[in-house]
Amino acid sequence: MARKHDTSFYIHIAFFVGAALITITSTFFSNRLARDLAKEEKKKMELWAQAIRLFAAEPSKGVEMDYTLSLKVIEGNTNIPVILINDKGKIIDYKNLNLSKKNEKAELKKVAQKIIRKNKFIEIKIDEKNSNYVYYDDSKLLQKLTYFPLIQLLAMFIFLIVTLYALNTSKRAEQDRLWVGLSKETAHQLGTPISSLMAWIDLLKMKDIDEKLLNEISKDTQRLHTIAERFSKIGSKQEPTPEDFKPTLENAVQYIRNRSSHKIAIATHIPTEEIKVYLNVPLFEWVIENLCKNAIDAMDVTGKINIKAFPDGKYLVIDVSDTGKGISKSNFKTVFNPGFTTKKRGWGLGLSLVKRIIEENHDGKIFVKTSEIGKGTTFRILLKRA
């Protein structure tokens, strides 16, 4: 049964919703502010055009004109790019264009065409036949404000990614500490009864006890010791050593064969020549045992498990295939999550443990290579060759 959403899922959803609301609200007010500023700049340009009109108009006979106010309005525009053009398309004047002095004429022509294409202009009637046109562009402040919502969205997106990464990393680190602590404690708790059992076996050997029975008890005790050793290695950063792959695999497979139904066939296909890979032997045997046990659980009474190994460049490829129930494609990655299980019993830690051992203790990779519902699954492991 698949793992249900935990509290962190709802925290993530609430975080996303909150961030989205903040971004939408901020973007709305930024756009509104940009529209208001654009209206103000249009009014300024209308006033500027009116000043140009008064300045260009011929004074009535006998009337002396005071151009002080008009000049102040014209000179007062210090941030809005503006071009004054006559009805023949000739540039009469311009302001706030920031042209380079080296190619001023050529650059003026390009900038003028760019501003004219935006079609933001005010007509100035000089007389009945002649008109001038004031073309203007957004000020730098308005341009920055126009792009500000996009910058906000990008900043919020980066903030979300970083925050979620930090939350997930923190959560995983906490899970790792819990996992390692539980493993170490399990190994520690097993240590005392195992030592006691070994002492009892030595004592029983002095008595007239069936030797075969003692051997079986000894094997089971040794098995418990191996399990405790495996748990003690979880979380320990021990470098894998170059080992011959074949005997390690065969030893793990033989253990499963001896403890599974004769209706389950387990076959290995390994090159005859020696293949050395970097292994932590006790932990890798645990990987094979877990994969085989999962495969057996996925099969109804009878079935086959094929383990095939072959070199591929710097890696040794190991394919563990079964004829079980199969896994849906949507669960190819989910199966490795702690707690994921399709069985009525179990904690769903087997494949999670397998992935952790392969990636952290062997610097390798494991993934679902293929799977088909009702036909079976193939897990692929990549280990570095020595």
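Which residue does the side chain of Glu-372 meet in a salt bridge?

What we have here is a predicted model, so local features need pLDDT of at least 70, side-chain atom pairs count only at pLDDT 80 or more, and totals for chains, interfaces and linings use all residues. Residues are numbered from 1 along each chain as its sequence is written, and side-chain values use heavy atoms, with hydrogens and water left out.

Back to the opening question. The partner of Glu-372 is Lys-375, at 3.6 Å from N to O. By salt bridge I mean a side-chain nitrogen of Lys or Arg within 4 Å of a carboxyl oxygen of Asp or Glu. Glu-372 is partly exposed at 44% relative accessibility, and Lys-375 is exposed at 57%. For those words, buried is under 20% relative accessible area, exposed is over 50%, and partly exposed is in between, using a 1.4 Å probe and protein chains only.

The whole structure has seven salt bridges. Another one joins Asp-138 to Lys-120, with N and O 2.5 Å apart. This pair links distant parts of the chain, 18 residues apart: Asp-138 sits in the loop between strand E4 (131–136) and H4, and Lys-120 in the loop between H3 and E3. Helices here are DSSP runs of H or I with at least four residues, strands are E runs of at least two, and both are numbered from the N terminus. Asp-138 is buried, at 19%, while Lys-120 is partly exposed, at 25%.

Glu-360 pairs with Arg-356, the closest N and O atoms being 3.6 Å apart. Both belong to helix H8 (residues 350–362), four residues apart, or about one turn. Arg-356 is buried at 13%, and Glu-360 is partly exposed at 32%.

Now, the sheet. Five strands make an open sheet in the order E6-E8-E9-E11-E10, with mixed pairing. Strands E6 (264–269) and E10 (365–372) are at the edges with a single partner strand each, so one side of each has no neighbour in the sheet. From one strand to the next, the twist averages 15 degrees; the axes behind such angles are lines fitted to C-alpha atoms, and angles run from 0 to 180 degrees between N-to-C directions. E10 pairs with strand E11 (residues 376–384) in the antiparallel sense, over seven bridges, where pairing asks for at least two DSSP bridges. Ile-366 stands opposite Ile-381 in E11.

Last, two backbone spots for you to click on. Asn-96 has a phi near 60 degrees, a positive value in a residue other than glycine, and lies in the loop between strand E2 (91–95) and helix H3 (104–117). Asn-119 also has a positive phi near 60 degrees, in the loop between H3 and strand E3 (121–125). At 23% relative accessibility, Asn-96 is partly exposed. Thanks, everyone!
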